[in-house]
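Here is a short tour of the fold you are about to see. Keep the model open as you read, and pick out each residue as it comes up.

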Amino acid sequence: MKHPWRDEIEAILTREDHVALLLLAQKETPRVLRYLCGRLYSDSEEEKWRAVRALGFVIADGQIVSRQQATELLRRFLWALNDESGTVPYGIPEA
């Protein structure tokens, strides 16, 4: 079952409407971050790069994502790049 907010964020990403993305992220920060991180693993280069750019916009806003949250995301990304993690880090280096 698809959630209504998922349709909204997909439309926002397709339009690359960063203002609307920031407004949604203010209300649904964990969901938006989770969705964007998931899109980093997309097999579509276009979709992956939209997620990379969107993630940058959301994380750059210190009122939406705290420094501690940004640090934790970076820690997870670096762990995903480590061979010991067992993760295939599609899209992570770009993020």
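## Overview

A residue is called buried when its relative accessible area is under 20%, exposed when it is over 50%, and partly exposed in between (1.4 Å probe, protein chains only). Of the 95 residues in this chain, 35% are buried. This is a predicted model, in which local features need pLDDT of at least 70 and side-chain atom pairs count only at pLDDT 80 or more, while totals for chains, interfaces and linings use all residues. Residues are numbered from 1 along each chain as its sequence is written, and side-chain values use heavy atoms, with hydrogens and water left out.

The chain holds five helices and zero strands, giving the pattern α-α-α-α-α along the sequence. Helices (H or I, at least four residues) and strands (E, at least two) are DSSP runs, numbered from the N terminus.

## The nonpolar core

In soluble globular proteins, nonpolar side chains tend to be buried together. Here, the largest nonpolar core has 26 residues, and Ile-9, Val-32, Leu-36 and Val-58 have the most contacts inside it. Such a core is a set of buried Ala, Val, Leu, Ile, Met, Phe, Trp, Tyr and Cys residues joined through side-chain atoms within 4.5 Å. Two or more residues come from each of helix 1, helix 2 (18-27), helix 3, helix 4 (45-60) and helix 5 (67-81).

Have a look at Val-58: leaving aside neighbours within four places in sequence, Val-58 is in contact (heavy atoms within 4.5 Å) with Leu-21, Leu-22, Ala-25, Val-32, Leu-33, Leu-36, Ile-64 and Val-65.

## Helix 3 and its partners

Helix 1 (residues 4-15) packs on helix 3 (residues 29-39) at about 60°, with axes 11 Å apart. Axes are lines fitted to C-alpha atoms, for helices over the stretch in contact, and angles run from 0 to 180 degrees between N-to-C directions. On the helix 1 side, Trp-5, Arg-6, Ile-9, Glu-10 and Leu-13 meet Arg-31, Val-32, Tyr-35 and Leu-36 of helix 3.

Helix 3 also meets helix 4, where the axes come within 8 Å and cross at roughly 145°. Val-32, Leu-33, Leu-36, Cys-37 and Arg-39 of helix 3 make this contact with Glu-47, Lys-48, Ala-51, Ala-54, Leu-55 and Val-58 of helix 4.

## A loop residue to check

Glu-16 sits in the loop between helix 1 and helix 2. Its phi is near 55°, a positive value in a residue other than glycine. With 33% relative accessibility, Glu-16 counts as partly exposed.
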